[in-house]
Amino acid sequence: MQRFQHYIDGTFEFGLDSFESIDPASGKPWALMPRAQAEDVDRAVLAAGMALSSGPWPDMTATGRGKLLYRLADLVAQNAQRLAELETRDTGKIIRETSAQIAYVADYYRYYAGLADKIEGAHLPIDKPDMDVWLRREPIGVVAAVVPWNSQLFLSAVKIGPALAAGCTLVVKASEDGPAPMLELARLIHEAGFPAGVVNILTGFGDECGAHLTSHRGISHIAFTGGPQTARQIIRNSAENLASTSLELGGKSPFIVFDDADLESAANAQIAGIFAATGQSCVAGSRLLVQASVKERFLTILKNKAEDIIIGLPQDNATEMGPLCTKRQQQVIDTHVRQSIMDGADPVFGGTVPDRAGYFYPPTLLDCDHVEASAWENELFGPVLCARSFSSEDEALAMANDTPYGLAAGIFTNNLTRAHRLVRRINAGVVWINTYRAVSPIAPFGGSGLSGQGREGGLQAALDYTKIKTVWLRTSDEPIPDPFVMR
Ligand code: NAD
């Protein structure tokens, strides 16, 4: 079995303990990962704290930090294929998607490299003639970045990139499921020349490594991506260190199709929105709301397209849907789908665990019209689409907003005024009109409600890794007047 090392204070280590990583395509262990313990976390946080306050990092200019980030971006781009192969092996995500996504991850690092020396302070037109007052933007401190298994390189880039641009240091906790590519990223960070301790990457379990990290007194900010249940735990953990938090959580995103839409194009977007990445995507468009007059036609187009999806080994370039990442995930999805069918949902296609090795699950469509189904209510994080029909715009909107989540929404219509009306009223942090599942380093991303708080991507994300220091300078040579009056 291949053995991986985690990265603490510029050194690669096997760690005090280890765990097996499972290949989701075969269900068999293939690698040994370090299982970080409290002592490992303590050392990593200490190293990040030291790197923040002493040594070359705090003295480096913002332009210098940007240059290191550019170097990292180039290394990610040069090693994209190797990183993609590792992610595919360890998470089951298809090679077609991992290679394209990781090549694009390099652009996220480039974006934040360019931003490093554009994070500016300000000079205030203060209302006192003998004072000069300015604001310095300083790094917020040591950041704990905690990511889930899907798209770890991407989800960590939107944390590591802006945090380093702002001058922070980090302890990154990879997911216990599929962490291999994150440990390879650590090698590239090392090769790029970041000083020891600036970025530390640990692998371990949530309840030991993750909990200890996020409650650690040395942490100033927690950047978390994962499920709402864990987010609640993280907020409780942060009561220990009073760290600020940004939370990118799940979704149950509506995908609304009106009868004037280009149905062929909408169907392609819907297939991408729910079956790409085998549905393991926070923005999965898992609730289809389709106008009643085109419902049957649209479901038939989806069925035909779903039948053509090539399911297979994630390493095969022809594969369009690979396995789920974990057996646990396969079981959760199966339970919800079975229960929903028992409750009256009509399986248009899919809905049964295939009889083969690995954690596969087929593309599934449940017609949930007039049915209370758990698959409609809950984020399954799998390739399960639930459909309901509507007859008016108001009804579509009411159904779309009838969820505690608020991450993403898709609207398919050729009626421009209707699209604008819906954008204003829909509860989602990202709205795609006549497209779906598009992202960019330039565009902020995030949600509200059970989907979390804060935004990743874009300029503001880098500012979120800074804190403001207000500096007052008295410019008068006269003695300070009445000391008993606040100035
Ligand atoms: P999860 O919440 O179980 O785990 C996420 C990370 O948190 C893992 O690294 C885990 O080890 C860690 N963790 C678990 N318990 C912890 C604790 N007590 N303290 C600190 N850390 C802890 O999520 P998951 O099941 O791995 O991932 C799926 C979830 O992630 C879904 O809900 C999905 O929607 C969400 N997600 C959101 C986005 C987004 O950007 N909004 C992107 C991808 C995934």
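**Loops, helices and overall form**

Author: R437 sits in the loop between β19 and β20. This is a predicted model: local features need pLDDT of at least 70, side-chain atom pairs count only at pLDDT 80 or more, and totals for chains, interfaces and linings use all residues. Residues are numbered from 1 along each chain as its sequence is written, and side-chain values use heavy atoms, with hydrogens and water left out.

Reader: Is R437 buried, partly exposed or exposed?

Author: Buried means under 20% relative accessible area, exposed over 50%, and partly exposed in between (1.4 Å probe, protein chains only). R437 has a relative accessible area of 26%. R437 is therefore partly exposed.

Reader: What is the phi of R437?

Author: R437 is not a glycine.

Reader: Which loop holds D9, and what is its phi?

Author: D9 lies in the loop between β2 (6-8) and β3 (11-13). With 41% relative accessibility, D9 counts as partly exposed. D9 is a residue other than glycine with a positive phi, near 55 degrees.

Reader: Is G449 buried or exposed?

Author: G449 is placed in the loop between β19 (430-433) and β20 (452-453). Its relative accessibility is 58%. So G449 counts as exposed.

Reader: How many Å apart in space are G449 and N427?

Author: In sequence, G449 and N427 are 22 residues apart. In space, C-alpha to C-alpha, they are 9.3 Å apart.

Reader: How many helices and strands does the protein chain have?

Author: Both are DSSP runs numbered from the N terminus: helices are H or I with at least four residues, strands E with at least two. The protein chain has 16 helices and 21 strands.

Reader: How are α6 and α7 oriented to each other?

Author: Helix α6 spans residues 152-165 and helix α7 residues 180-192; their axes come within 9 Å and cross at roughly 45 degrees. Angles under 35 degrees count as roughly parallel, over 145 as roughly antiparallel, 65 to 115 as roughly perpendicular and the rest as oblique. Therefore α6 and α7 are oblique.

Reader: Which residues make the contact?

Author: Contact means heavy atoms within 4.5 Å. From α6 come Q152, L153, S156 and I160. From α7 come P181, M182 and L185.

Reader: Is S156 buried or exposed?

Author: S156 belongs to helix α6. Leaving aside neighbours within four places in sequence, it is in contact with Y109, V147, G161, M182 and L185. Its relative accessibility is 1%, so S156 counts as buried.

Reader: What does T214 touch?

Author: T214 is in helix α8 (residues 206-214). At 0% relative accessibility, T214 counts as buried. Not counting residues up to four places away in sequence, T214 touches V146, I222, I234, N237, S238 and N241.

Reader: How far apart in space are T214 and N415?

Author: In sequence, T214 and N415 are 201 residues apart. In space the C-alpha to C-alpha value is 47 Å.

Reader: What radius of gyration does the protein chain have?

Author: The radius is taken over C-alpha atoms, and the globule rule is 2.2 Å times the number of residues to the power 0.38. With 487 residues, a compact globule would be near 23 Å. The protein chain agrees with that, at 24 Å.

Reader: What percentage of the residues count as buried?

Author: The C-alpha trace spans about 85 × 55 × 40 Å along its principal axes. Of the 487 residues of the protein chain, those that count as buried make up 57%.

Definitions and conventions. Axes fitted to C-alpha atoms, helices over the stretch in contact; angles between N-to-C directions.
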